[in-house]
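Q: Can you walk me through this model? I'd like the overall layout and then the details.

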Amino acid sequence: MKNTLKKLAWLAVLVAPLAWSHGDDAGHREQQAVVKEQKSWGIAGDPKRARTIEVRMDDGMRFRPDRIEVREGETIRFVVRNAGGVLHEMVIGTEEELREHAALMQKFPGMEHEEPYMTHVKPRERGAIVWNFNRPGTFQFACLLPGHYEAGMKGSLVVLPAGKKS
Ligand SMILES: [Cu+2]
C-alpha cells in the first residue's frame, strides 16, 4: 500500500510538468489563431507592407472620409484620429456583423472588445488598424459605442477585385 502511494506520488511529479507545458503550448497557439483569423472582410496585416490612409472621427458622429476604396490584396494602415471630446472607435466588418455588434453594445454598454480589425481612440489621440483586404466585396467601418452607430457613425469600405480597373 505504502509502495503504491509512493509510486503515485512520483507519477504526479512526472506528469505535472508535462501537463503544464502542454497547456502553455495550446494557449500560445490559440493566441496566434486569434491574431490572424481570416474574416470575410480580410485578415490582420503586416505593417511593413501597408499603405496609410488617414481617417478622422468627431463628435458629429462622422468619419472623414466616409467612403474608402482599396484593392484586393492591399494591406492598409488606418491612422485614426479622434478630433472629438469623447471616446470613439473604428471597427471594420460586414454591415450585418456591425449592425448586430452595435445592438449588443446598446444592451451591454460596458462590454469591452479588442480585435485586430478595430481601434478605440481617446479624445485628441490617434489609433491604428493594420488590415489585409484579401477578399473583394463591400464592407463597412463604424463606431460601435452605444448610440454612435445609430447616429450614423459609419462608412463604406469597398475592396475592388484584383486586376479590375476602378
Ligand atoms: Cu463614436
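Q: What's the mean pLDDT of the protein chain?
A: This is a predicted model, and the mean pLDDT of the protein chain is 84. A value of 70 or more is reached by 77% of the residues.

Q: Where is the pLDDT below 50?
A: Over residues 10-34. That stretch has two contacts in the model beyond near neighbours in sequence.

Q: OK, and how many helices and strands does the protein chain have?
A: Two helices and 10 strands. Reading from the N terminus, the order of elements is α-β-β-β-β-β-β-α-β-β-β-β.

Q: What share of the 166 residues is buried?
A: Buried residues come to 36%. As for contacts with a separation of 6 or more, 76% of them link residues 24 or more positions apart.

Q: Let's do the sheet. What's the strand order?
A: It's an open sheet of five strands, ordered β1-β8-β5-β2-β3, and the pairing is mixed.

Q: Which strands stand at the edges?
A: β1 (43-44) and β3 (62-64). Each has a single partner strand, so one side of each has no neighbour in the sheet.

Q: And how does β5 pair with β2, parallel or antiparallel?
A: Parallel, with eight bridges between β5 and strand β2 (residues 50-58).

Q: What about β5 and β8?
A: Those two run antiparallel, joined over seven bridges, with β8 covering residues 126-132. I76 faces W131 in β8, and V80 is opposite G127 in that strand.

Q: How many residues of β5 are buried?
A: Six of the eight, so to speak mostly covered, in a strand that spans residues 75-82.

Q: Moving inside, which residues touch the most other members of the largest nonpolar core?
A: F78, M90, I92, F133 and L157, in a core of 34 residues. In soluble globular proteins, nonpolar side chains do tend to be buried together.

Q: What is F78 in contact with?
A: Setting aside neighbours within four places in sequence, F78 contacts I53, V55, I68, M90, I92, G127, A128, I129, F133 and L157.

Q: I129 is on that list. Where's its place?
A: I129 is in strand β8. It counts as buried because its relative accessible area is 0%, under the 20% cut-off.

Q: Now the metal. Which residues coordinate the copper ion?
A: H88 through ND1, C143 through SG, H148 through ND1 and M153 through SD, at 2.0 to 2.7 Å. In sequence, the donor residues are spaced H-x54-C-x4-H-x4-M.

Q: What about the angles among the four donor atoms?
A: They span 89 to 137° and the site is irregular. To count as tetrahedral, all angles would have to lie between 85 and 135 degrees.

Q: Are C143 and H148 buried or exposed?
A: Both are buried. For H148 the relative accessible area is 10%.

Q: Where is H148 found, and what does H148 touch?
A: H148 is in the loop between β9 (137-142) and β10 (154-160). Leaving out residues up to four places away in sequence, H148 touches M61, V86, L87, H88, C143 and M153.

Q: Which residues does D58 touch?
A: R64, G84, H88 and M153, again not counting residues up to four places away in sequence. H88 and M153 are also among the copper donors. D58 itself lies in strand β2 and is buried, with a relative accessible area of 12%.

Q: Last one: where's E115?
A: E115 is in the loop between α2 (95-107) and β7 (118-121). At 25% relative accessibility, E115 is partly exposed. The C-alpha atoms of E115 and V91 are separated by 8.8 Å, with the two residues 24 apart along the chain.

Note on methods: Residues are numbered from 1 along each chain as its sequence is written. This is a predicted model: local features need pLDDT of at least 70, side-chain atom pairs count only at pLDDT 80 or more; totals for chains, interfaces and linings use all residues. Side-chain values use heavy atoms; hydrogens and water are left out. pLDDT is the predictor's confidence in each residue, from 0 to 100. Contact means heavy atoms within 4.5 Å. Buried means under 20% relative accessible area, exposed over 50%, partly exposed in between (1.4 Å probe, protein chains only). Helices (H or I, at least four residues) and strands (E, at least two) are DSSP runs, numbered from the N terminus. Two strands pair if DSSP finds at least two bridges between them. Donors are N, O and S atoms within 2.8 Å of the metal (3.2 Å for Na, K and Ca); water is not among the atoms, so sites may look incomplete. Four donors count as tetrahedral if all angles lie between 85 and 135 degrees; four count as square planar and six as octahedral if opposite donors are over 155 degrees apart and all others between 65 and 115; anything else is irregular. A nonpolar core is a set of buried Ala, Val, Leu, Ile, Met, Phe, Trp, Tyr and Cys residues joined through side-chain atoms within 4.5 Å.
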